[in-house]
Amino acid sequence: MWSWFGRKREVQRREDCERILRGLRQVQDGNLETEIRADSDPDLAEIADVCNEMIESLRRERESARQMAELVAAAQNKQLESQFNPHFLYNTLENIRYMCRLDPSSAEQMVRDLSGLMRYSLENSGGEVILSEDLDHLSRYLAILKCRFGERFQFTTEISEQALSCWIPKLVLQPMIENAVKYGFGGKKKEIHVNLKAYCHEGTLFLLCRDDGMGMSQSALKNLADLLEQRENTSRHSGLYNIHRRIGLLYGRPYGVKIRSLEGEGTALVVTIPVHEGEEKDATDSDRRG
């Protein structure tokens with residue numbers, strides 16, 4: 001049975017989650033003067049601090065947009081690299097708020113996973129990481145999805161040994177899974193299975209994400225494919241656009257994102273990147289990542 005102190009702590013956690021959610025709603029409405037505070041838990045306090053950093057970054061970006069008509073490629077890459085999906089953040093905090101009452105231990109683990117995700121997304125570690133490192137990051141994201149969807153969400157991987165040591169743009173894998181979840185659930189599809197495959201062939205690293213979900217209509221597929229080729233993102237579909245844009249800035253054509261989908265049968269997302277292996281890269285690549 002929860003002690004009085006334990007119950008009070010969970011109430012404070014719920015209040016902090018609600019305070020963070022209110023702040024994020026204000027940010028979504030365009031209010032960048034918001035400041036978010038959380039006192040009940042060190043991890044929630046860290047999430048609030050990261051949210052404030054994100055808001056400050058948005059303020060700086062808005063001011064820069066007034067002054068600069070065009071960013072150089074390196075600055076564009078850094079901007080894209082640092083973006084974090086606010087809808088995922090909002091939905092996760094909503095789940096934490098409810099689980100504070102129903103399952104406090106799971107809520108605490110979700111807070112730790114979310115805190116780790118946000119730390120990783122904002123670390124200034126350069127434009128590329130080893131695939132195995134991004135997979136470690138992805139495990140936290142998958143743990144949150146399992147808490148949200150339970151047995152409705154199944155995930156498997158097929159990763160070759162060579163692919164594990166390849167360099168990839170940081171935070172490529174998470175948006176691929178986000179896309180599968182976004183277009184997978186709905187209609188008669190109450191559960192989905194997502195498979196992530198990575199392998200090397202003739203100097204190219206292939207990252208293939210397949211799901212057996214709802215898929216997309218041909219019109220939605222065409223709109224998404226057209227978006228990937230735009231110089232600026234004019235829609236709310238930022239995840240895949242950011243992957244494609246960053247790969248283009250780092251490696252050029254023909255690398256990037258391709259999508260295949262049939263309505264009612266699922267979606268296949270293919271990301272291609274030139275193969276670079278090893279723990280260290282040459283000076284030219286290091287300069288490019290910095």
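## Where two helices meet

In this predicted model, Met110, Asp113, Leu114, Gly116, Leu117 and Tyr120 of helix 5 make contact with helix 6. On the helix 6 side, the partners are Glu133, Asp134, His137, Arg140, Tyr141, Ala143, Ile144 and Cys147. Sorted by class, the contact between the two helices comprises 8 nonpolar, 2 polar and 4 charged residues.

Now for the geometry. Helix 5 spans residues 104–122 and helix 6 spans residues 131–149. Their axes lie 9 Å apart, and the packing angle is about 145 degrees. The crossing of helix 5 past helix 6 is left-handed.

## The second largest pocket

How much space lies in the second largest pocket? The volume comes to about 220 Å³. Its lining is made up of 12 residues, and those nearest the centre are Leu228, His244, Arg245, Gly248 and Arg253.

Helix 10, residues 238–251, gives the most to this lining, with 5 residues. By class, the lining of the second largest pocket holds 4 nonpolar, 4 polar and 4 charged residues.

The model has a count of 10 salt bridges. One of them joins the side chains of Arg13 and Glu10, with an N to O distance of 3.1 Å.

Where do Arg13 and Glu10 lie? Both belong to helix 1, which covers residues 4–28. Arg13 and Glu10 are 3 residues apart there, about one turn of the helix.

Definitions and conventions
Residues are numbered from 1 along each chain as its sequence is written. This is a predicted model: local features need pLDDT of at least 70, side-chain atom pairs count only at pLDDT 80 or more; totals for chains, interfaces and linings use all residues. Side-chain values use heavy atoms; hydrogens and water are left out. Axes are lines fitted to C-alpha atoms, for helices over the stretch in contact, and angles run from 0 to 180 degrees between N-to-C directions. Helices (H or I, at least four residues) and strands (E, at least two) are DSSP runs, numbered from the N terminus. A crossing is left-handed if the near helix is turned anticlockwise from the far one by less than a right angle, and right-handed if clockwise. Contact means heavy atoms within 4.5 Å. Ala, Val, Leu, Ile, Met, Phe, Trp, Tyr, Cys and Pro count as nonpolar, Asp, Glu, Lys and Arg as charged, and the others, Gly among them, as polar. On a 1 Å grid over the protein atoms alone, a cavity is a set of points where a 1.4 Å probe fits but cannot get out, and a pocket is an open set with protein on both sides within 12 Å along at least five of seven lines; lining residues have an atom within 4 Å of a point. Grid points are joined across faces, edges and corners, and a volume is the space filled by probe spheres set on the points. A salt bridge is a side-chain nitrogen of Lys or Arg within 4 Å of a carboxyl oxygen of Asp or Glu.
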